[in-house]
Amino acid sequence: MPVHLEIVTAERQIYSDEVDLISAPTRDGRVGILPRHAPLLTILQPGELTIVKDGTRTPFAVSGGFMQVLPDRVTILADTVERADDIDAARVEAAIKRAEELRQSAQTEQEMALAEAKLRKEMVRLQVMRMREIGRRQ
């Protein structure tokens, strides 16, 4: 008995399907959601969001947002979310370099916080991309 998952951003619906497991990075740590999970509303942290359907694991990079869990439905409202297959290695490396340069040139605490947030987002994308590559080799 799967659970229905919807992943949406402000721009569009990213994913909608029945899944067997959802593993999400939350403010309080990683949580695993199975069908008939107790109701939950939580804040998502930047990290790897993983879904499992019919034994196939699909990773996503999520930059933050909210997750609402009901016994038969999970809704993720993400700031940004990207399927691992859609992440371009060259673009990630260039974005990491830009974020590191911004961090080094930051002159205020606010500029430093913004640069570090951008760097964290790109490091998550890099991590998810690498997880996809490891999965393909196995």
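View 1. V92 sits in helix 1, where helices are DSSP runs (H or I, at least four residues) numbered from the N terminus. This is a predicted model, in which local features need pLDDT of at least 70, side-chain atom pairs count only at pLDDT 80 or more, and totals for chains, interfaces and linings use all residues. Residues are numbered from 1 along each chain as its sequence is written, and side-chain values use heavy atoms, with hydrogens and water left out. V92 counts as buried because its relative accessibility is 0% (buried means under 20% relative accessible area, exposed over 50%, partly exposed in between, with a 1.4 Å probe and protein chains only). From V92 to S105 there are 13 residues in sequence and 20 Å in space, C-alpha to C-alpha.

**View 2. V92 and E122 in contact.** Apart from neighbours within four places in sequence, V92 touches I87, E122, R125 and L126; contact means heavy atoms within 4.5 Å. E122 belongs to helix 2, and E122 is buried, with a relative accessible area of 10%. With the neighbours within four places again set aside, E122 is in contact with V92, A95 and I96.

**View 3. A patch of positive charge on the surface.** Look here for R91, R98, K118 and K121, which gather in this patch. Helix 1 (89-105) and helix 2 (109-137) are the elements that give two or more residues to the positive patch. Such a patch joins like charges within 9 Å, using residues with over 30% relative accessible area and no salt bridge (a side-chain nitrogen of Lys or Arg within 4 Å of a carboxyl oxygen of Asp or Glu). K118, found in helix 2, counts as partly exposed because its relative accessibility is 47%.

Definitions and conventions: Patch = residues over 30% accessible without salt bridge, like charges linked within 9 Å, V, L, I, M, F, W, Y side chains within 5 Å. Areas by Shrake-Rupley, 256 points an atom, 1.4 Å probe, with all protein chains shown as cover. Lys, Arg positive; Asp, Glu negative; His and termini not counted. Charge placed at Lys NZ, Arg CZ, Asp CG, Glu CD.
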